[in-house]
Amino acid sequence: SPNHGKLRTVAKGVRKTKLLALIEGARMEEPKSSTESTHVDAVAGSTRSSDDGGAARPPRVFLGYRVSTDAGLVERLHDKLKAEGMDVWWDRKCLKPGQPWEEGFADGLCGSDVFVPVLSKGALAPCAELGASSRCDNVVLEHQLALELKHRGDLRAICPVLVGEVEQHPHLGDIFGDFFKGGGKPSCRDEVVAEVEAKLAEHLG
């Protein structure tokens, strides 16, 4: 089952200890393919690939988020993880010039080892409005693609970051509070969004 972790964050900096422990402790159950000759290193959750002469590399972390609500937080999370030596895929840094966004994030996710979706109340709220005939919600598509990759053994772990509403702490200042107590989880209908399913099939081939 996927590794899940709840990360409490501070507005002026992201506490990353738990998230790093989850990422570094991730283990690949099956190689992505026999042709890649990729296997898990014995320490630190790193991987080796014959393509780079056997040199150890950190897992590639894909940051998933809703741009309209969480871009600033994800930028800080990206910077913190990069400072720790992580290989991070973030659309603002990793999309190729001229590449369509949907194609780019799908390629990036398929080439990553760990999916880190940032889940806030604002990011998830639009999901409550989705119905079978709704237009494709890119956040939902991203999550569905990650779940399919994990099920197939092509993704090592899913580590969600649950972001509560901003609260005032007497010593820390502004912090993100409890995701669940703050009503972060929306009430959604049990619907299959046809456009999401069609795009999922397209990207998975």
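Which side chains meet in a salt bridge at 3.3 Å, N to O? In this predicted model, they are those of E102 and K199. E102 belongs to helix α4 and K199 to helix α7, so this pair ties together parts that are 97 residues apart in sequence.

R60 forms a salt bridge with D87, where the closest N and O atoms are 3.1 Å apart. Since R60 sits in strand β4 and D87 in strand β5, the pair ties together parts 27 residues apart in sequence. R60 is partly exposed, at 31% relative accessibility, and D87 is partly exposed at 22%.

D137 forms a salt bridge with R66, and here the closest N and O atoms are 3.1 Å apart. This pair links distant parts of the chain, 71 residues apart: D137 is in the loop between α5 and α6, and R66 is in the loop between β4 and α2. Both D137 and R66 are buried.

I turn now to the nonpolar cores. The largest has 24 residues, of which L109, F115 and L145 touch the most other members. Two or more residues come from each of α4, β6, α6 and α7, and α6 gives the largest share, five residues. Leaving aside residues up to four places away in sequence, L145 touches F105, A106, L109, L200 and L204. Apart from this core lies another, of 19 residues, including L73, L77, W90 and F176.

Notes: Residues are numbered from 1 along each chain as its sequence is written. This is a predicted model: local features need pLDDT of at least 70, side-chain atom pairs count only at pLDDT 80 or more; totals for chains, interfaces and linings use all residues. Side-chain values use heavy atoms; hydrogens and water are left out. A nonpolar core is a set of buried Ala, Val, Leu, Ile, Met, Phe, Trp, Tyr and Cys residues joined through side-chain atoms within 4.5 Å. Buried means under 20% relative accessible area, exposed over 50%, partly exposed in between (1.4 Å probe, protein chains only). Helices (H or I, at least four residues) and strands (E, at least two) are DSSP runs, numbered from the N terminus. Contact means heavy atoms within 4.5 Å. A salt bridge is a side-chain nitrogen of Lys or Arg within 4 Å of a carboxyl oxygen of Asp or Glu.
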